[in-house]
Amino acid sequence: MRHPFACFTLALTGCCVAARGQSAPPAPAPLTAIRAGTLIDGTSDAPRKNQLIFVRGERIEKVADAAEKIPAGAKVIDLSSATVLPGLIDSHTHIFLWGEDPAKGGYDANILKAGIALRAARATAAARRALEQGFTTLRDVETEGAGYGDVEIKQAIEEGTIPGPRIFGATRAISTTGGYNLEGYAPELEMPKGAQIVDGPVEARKAARQQLEHGADWIKVYMTHRSWVDKQGNLVSQPTLTVEELKAIVDETHGWQKKVACHAYNGIGMQRALDGGCDSIEHGLEMTDAQIAQMARQGTWYCPTLAPYYGDWAPADTPAGKRDRARAAVHEITFKKALKAHLKIVYGTDMGGIPWSEPIAQEFARMVGLGMAPMDAIQSATSRAAEMLDMKGEIGVIAAGAYAEVIAVSGDPLKDVGELERVRFVMHDGSVFKNEIAK
Ligand SMILES: [Zn+2]
């Protein structure tokens with residue numbers, strides 16, 4: 001189907017060029033010069049003072065010292081009293097979740113009671129929230145029962161219908177029978193599921209093909225599902241896909257030159273995720289030294305999402321409360337071990353699991369609180385995430401040739417990483433989206 005259409009388009013283009021004849025080439029897009037008092041460029045170890053960022057169209061043309069002459073006619077954005085950074089990247093979000101209040105029915109109500117239009121409206125608001133807070137790119141790792149809605153929200157953003165960040169969508173996600181909500185209903189009922197359910201390598205491959213066909217940029221799989229504390233007080237998580245099932249998905253996805261994100265807490269499911277060749281471990285609450293060494297060897301990305309495991313703990317004397325405390329306790333240990341082993345860590349929040357009304361930048365304080373250097377934490381949300389997304393040099397960096405994704409804060413995020421919760425200026429693809437600070 002592609003080829004005939006492509007030829008048709010080409011033929012049309014040819015016709016228009018011929019009709020225009022010798023007309024002059026289009027004028028270059030206007031130039032904007034941003035004065036950055038302090039620049040954290042996303043890749044350098046140290047900030048630089050008094051820089052000039054030249055933006056033409058949607059790209060950065062060059063970065064120079066403040067002494068560089070600004071051409072006449074260029075628009076100047078003065079951020080000389082601010083700290084300027086690349087647009088931030090959240091590598092684990094759910095725009096189709098709304099931080100559902102358990103008292104109001106929680107996750108299940110979102111699927112059973114909210115229609116697709118309501119969910120799309122909320123996802124639209126979530127996308128806008130992200131951009132307002134300086135997150136110019138999201139890897140959105142499944143729609144939780146909203147089908148291919150992420151692909152369409154992304155389309156609406158790209159065509160300019162709604163404001164929002166650059167989205168890498170995972171569409172429906174994949175798990176197994178007994179491996180995803182909705183559950184706990186009468187067994188006679190066929191309940192809808194928040195992920196695509198497969199059993200066996202053939203179904204697993206088919207699900208990956210369907211999702212890739214319909215526009216998935218990433219494939220998301222669940223390698224563990226329920227978690228609880230055993231009699232010895234250890235965290236246990238239920239494994240879902242087998243290594244064979246995961247290998248079928250990874251093989252198919254890599255063939256399309258796309259990657260697989262694996263939700264995995266610990267134990268058997270974590271081991272299968274690594275043996276099956278997943279590209280990123282999501283959450284990774286508890287990893288053995290051998291598993292961390294395997295990740296380092298295989299170059300697996302680690303997206304820890306610390307923040308969601310610190311809120312909303314059930315009462316301490318209940319099974320759920322014990323589980324909640326055990327999860328946070330092992331997570332801290334694993335994160336510190338991952339830092340020490342220099343694993344490739346990317347910034348992820350699980351927003352959507354966390355209400356979108358909360359600051360998306362809250363994960364920075366968690367990471368830094370557990371020993372990550374602030375610059376490292378910033379790079380996990382800029383250049384390092386860009387590398388995982390195969391966008392190295394294009395996003396997550398302020399340098400010539402990159403998309404003009406530029407944000408600014410008033411204070412110094414290297415002294416107080418909480419500054420990133422107060423983003424005052426946002427430029428997305430060369431257009432100013434928010435400005436509370438520049439003259
Ligand atoms: Zn998630």
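The largest pocket in this predicted model has a volume of about 1400 Å³. A pocket here is an open set of points on a 1 Å grid over the protein atoms alone, with protein on both sides within 12 Å along at least five of seven lines, and lining residues have an atom within 4 Å of a point. A volume is the space filled by probe spheres set on the points, which are joined across faces, edges and corners. Local features need pLDDT of at least 70 and side-chain atom pairs count only at pLDDT 80 or more, while totals for chains, interfaces and linings use all residues. Residues are numbered from 1 along each chain as its sequence is written, and side-chain values use heavy atoms, without hydrogens and water.

**Largest pocket**

- The lining of the largest pocket has 41 residues, and Y107, Y265, R323, R327 and G353 lie nearest the centre.
- At least two lining residues come from each of α2 (106–112), β11 (224–229), α9 (319–340) and α10 (362–369); helices (H or I, at least four residues) and strands (E, at least two) are DSSP runs, numbered from the N terminus.
- β11 gives the most to this lining, with 4 residues.
- The lining of the largest pocket holds 13 nonpolar, 15 polar and 13 charged residues, where Ala, Val, Leu, Ile, Met, Phe, Trp, Tyr, Cys and Pro count as nonpolar, Asp, Glu, Lys and Arg as charged, and the others, Gly among them, as polar.

**Second largest pocket**

- The second largest pocket has a volume of about 380 Å³.
- It is lined by 17 residues, of which I157, E158, G164, H428 and D429 are the closest to its centre.
- α4 (149–158), β7 and β19 (431–435) each give two or more residues to this lining.
- By class, the lining of the second largest pocket has 9 nonpolar, 3 polar and 5 charged residues.

**Zinc site**

- H92 (NE2), H94 (NE2) and D350 (OD) coordinate the zinc ion at 2.0 to 2.3 Å; donors are N, O and S atoms within 2.8 Å of the metal (3.2 Å for Na, K and Ca), and sites may look incomplete because water is not among the atoms.
- Along the chain, the zinc donors follow the spacing H-x1-H-x255-D.
- H92 is buried at 0% relative accessible area, and H94 is buried at 3% (buried means under 20%, exposed over 50%, partly exposed in between, with a 1.4 Å probe and protein chains only).

**Sheet**

- Three strands form an open sheet in the order β5-β6-β7, with parallel pairing; two strands pair if DSSP finds at least two bridges between them.
- β5 (88–93) and β7 (166–169) stand at the edges with a single partner strand each, so one side of each has no neighbour in the sheet.
- β5 pairs with β6 (residues 135–140) over 4 bridges, and L88 has F135 in β6 as its bridge partner.

Terms used. 1 Å grid on protein atoms, 1.4 Å probe; cavity = no way out; pocket = protein on both sides within 12 Å on 5 of 7 lines; lining within 4 Å.
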